[in-house]
Amino acid sequence: MAKRSHRKTSRGKKILRIVLIILLILVLAIVGVAVKVYLDVSGSVGNTYESVDRPDSREVNFDEEEPFSVLLLGIDTGDLGRNEQGRSDTMMVATVNPQENTSTLVSIPRDTYVDIADEGTQDKINHAYAFGGASMAMDTVSEFLDIPLDHYVSINMQGIQELVDAVGGVDVDNDLEFEQDGHTYNFGRIHLNGEEALGYLRMRHEDPEGDYGRQARQRAVVEGVIDQATSLSGVTQYRGILDAVEDNMRTDLSFANMREIALDYREAFSNVDQLQLEGEGFMQGGVSYQQIDEDNLAEVQETLQEQLQ
């Protein structure tokens, strides 16, 4: 009986060792995949880094979870390897306050009439990028909103199309039937691929709300991309998302910055207040501009200043 018991014990140890080996292999496989994803992400994000020359800009200490601001630019050209500079077709400013766990997103009309920083001229705010790239765009918006602008993220139209395709398309609630670039956009809930999303974002002349309506569609597509990218299906398609980002996005945020923001600021992104700068259109020299209402501007400035403390 003792021998039989010994055999059972020996067999049990062998089975346990086999189970442990299998578990170890699974753990190593999972860690290997995680490491690969981490390296892929860090490599792709590293390739998007492009600093700006702004001697008077402040340094945000992300380790101390200080509030920060970022200028979001949608560039109206195809690839970042273009010969022309392009213009910022979309301009938004985001402020993030981890102490209050709040964020604010402000949309700026592309035709807003402002003083162009370092140029000594007045023009449409989206021309600042064409004149001097991200640096001049940041300085111009910073002076206009009377806040420090700490960082920027720019993505061109080709990148938006590739991002939408990479996440399998986006669903939006369309409240205006129209046609654009050979595509028909019906009323109600619609699904858009990358090419259709570009047409959806470009249309403004048929919209009774003009550029304000287009900005609302831009926010809807951005939200759709985020929803898809953070879903299980989006996570499994991370390589396509990274390819779209790497080829078409530029930012002065390092991978270390982004990692700290993702880990320590994430709760602030769950409470986003969206604001819209509004004004009246006017013509000057045969060109249309937007003059932002002074009270509206002052209110937005105060909100952003409070966010940044």
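**A guide to the sheet and helices**

Visitor: Where does Gln309 lie, and is Gln309 buried or exposed?
Guide: Gln309 lies in the segment after helix H9 (294-308), where helices (H or I, at least four residues) and strands (E, at least two) are DSSP runs, numbered from the N terminus. Buried means under 20% relative accessible area, exposed over 50%, and partly exposed in between, for a 1.4 Å probe and protein chains only. With a relative accessibility of 62%, Gln309 therefore counts as exposed.

Visitor: What kind of model is this?
Guide: Residues are numbered from 1 along each chain as its sequence is written, and side-chain values use heavy atoms, with hydrogens and water left out. Local features need pLDDT of at least 70 and side-chain atom pairs count only at pLDDT 80 or more, while totals for chains, interfaces and linings use all residues, this being a predicted model.

Visitor: Which phi value does Asp118 have?
Guide: Asp118 is found in the loop between strand E4 (113-116) and strand E5 (121-124), and it counts as exposed at 66% relative accessibility. Most residues other than glycine have a negative phi. In Asp118, a residue other than glycine, phi is positive, near 70°.

Visitor: Which strands stand at the edges of the open sheet?
Guide: Six strands form this sheet in the order E11-E6-E1-E2-E3-E12, with mixed pairing, two strands being paired if DSSP finds at least two bridges between them. A strand with a single partner has one side left without a neighbour in the sheet, so the edges are E11 (249-251) and E12 (272-276).

Visitor: What is the bridge partner of Val153 in E11?
Guide: Strand E6 (residues 151-156) and E11 pair in the antiparallel sense over three bridges. In E11, Val153 has as its bridge partner Thr251.

Visitor: At roughly what angle do the axes of H3 and H4 cross?
Guide: Axes are lines fitted to C-alpha atoms, for helices over the stretch in contact, and angles run from 0 to 180 degrees between N-to-C directions. The axes of H3 and helix H4 (residues 194-202) come within 7 Å, and H3 passes H4 in a right-handed crossing, meaning that the near helix is turned clockwise from the far one by less than a right angle. The axes cross at roughly 130°.

Visitor: How far apart are the C-alpha atoms of Glu302 and Ile147?
Guide: Glu302 has its place in helix H9 and is partly exposed, with a relative accessible area of 46%. Although Glu302 and Ile147 are 155 residues apart along the chain, their C-alpha atoms are separated by 9.3 Å.
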